[in-house]
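Subject: Handover of a structure and notes on it

Dear colleague,

Please find below the structure that I am passing on to you. My notes follow it and are meant for a reader who has not seen it before.

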Amino acid sequence: MIPLSWYIILSAALFTIGIVGVLSRRNIFIILMSMELMLNAANINLVAFSHYSQTLTGQIFVMFVITVAAAEAAVALAIIILLSRNRGSIYVDEFNIMKG
Amino acid sequence: MVNQVIFFYFAVVILASAILTITQKNPIHSVMFMLLLFFHIAGVFVLLNAEFLAAVQLIVYAGAILILYLFVVMLLNVDRESTAARANRFWPWMAGFGALIAAEVILLIARGTFPSEAGQQPMRLAGSGVKELGELLYQKYLVPFEVASIILLVGLVGAVMLAKKRASD
């Protein structure tokens, strides 16, 4: 059978790829997708621990994570549409209105 | 043994498509690799005896969220994509930072000890798993379930309020 640590290593690697995507890309879509990658890494962890502790609680929490991801995607995409309508760009390093 | 080979295939495809997702120039290609990723994560869920969650993953993530992304990517113009730079000017630092985090976590996991007894067999459930999940969701986790529905409502109203055209525009 598959050791628990394999799932955790897979999840950690996926989470790290998501972090690199958020920190290094300019396109705001890819940043949002990298956030989805990180949520999925957390989901793999939760389901793996749920299986290895023989309870279903982790799976319940995965359902809540998926709900929050759906709501987050809807609001974030509305904000992206607003951004591109008002400022004409979807690249995050062109938003320097606060002189950051 | 067979399970390990299947897991290895899923893991390799997940990591490869994740890297391709964050390195593609065209966001539409990124979404397509994301679709591949979600299918294989659903496969990992099946390996972990979470068949209902695998179905939810495919229906909600691949069927709803990803389609939403695809709609918005196609709505906005991407004609600058072919010329604009993909990454910001800090990207080598950030990639090194990510490699550092990954190395640290994997080192910690490799040096730690994990219980090897639990989870070596399929989950012992009375029924199919869906029934138990539903009972847990509607009895023990009823309040978080209701809060989740409120979050969905807020997301719905917020998205409509944000994206609608103002009267003055």
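Chain B has 6 helices and 0 strands, and along its sequence these follow the pattern α-α-α-α-α-α. Please keep in mind throughout that this is a predicted model.

Chain B as a whole

Chain B consists of 169 residues, and 32% of them count as buried. Among the contacts in chain B with a separation of 6 or more, 57% are made by residues 24 or more positions apart. The domain assignment divides out domain 1 (1-79) and domain 2 (127-169) of chain B. Between the C-alpha centres of these two domains there are 22 Å.

The nonpolar core

The largest nonpolar core has 65 residues, and those with the most contacts inside it are A:Tyr7, A:Leu14, A:Phe29 and B:Leu37. As general background, nonpolar side chains in soluble globular proteins tend to be buried together.

A:Phe29 shows what the surroundings of one such residue look like. Neighbours within four places in sequence aside, A:Phe29 is in contact with A:Leu77, A:Ile80 and A:Ile90 in chain A, and with B:Tyr69, B:Val72, B:Val73 and B:Leu76 in chain B.

Helix α1 of chain A covers residues 4-24. Of its 21 residues, 16 are buried, so α1(A) is largely enclosed by the rest of the structure. Its length can be checked as well: at 1.5 Å a residue, the 21 residues should span 30 Å, and the end C-alpha atoms are 31 Å apart, which agrees.

Helix α3 of chain A (residues 57-87) contains A:Thr67. Is A:Thr67 buried or exposed? Its relative accessibility is 17%, and a residue under 20% counts as buried, so A:Thr67 is buried. Residues up to four places away in sequence not counted, A:Thr67 touches B:Ala148 and B:Leu152.

With kind regards

Key. Residues are numbered from 1 along each chain as its sequence is written. Chains are lettered from A and ligands numbered from 1 in the order in which they are written. This is a predicted model: local features need pLDDT of at least 70, side-chain atom pairs count only at pLDDT 80 or more; totals for chains, interfaces and linings use all residues. Side-chain values use heavy atoms; hydrogens and water are left out. Helices (H or I, at least four residues) and strands (E, at least two) are DSSP runs, numbered from the N terminus. Buried means under 20% relative accessible area, exposed over 50%, partly exposed in between (1.4 Å probe, protein chains only). Contact means heavy atoms within 4.5 Å. The expected span of a helix is 1.5 Å times one less than its number of residues. A nonpolar core is a set of buried Ala, Val, Leu, Ile, Met, Phe, Trp, Tyr and Cys residues joined through side-chain atoms within 4.5 Å. Domain bounds come from an automatic or database domain assignment.
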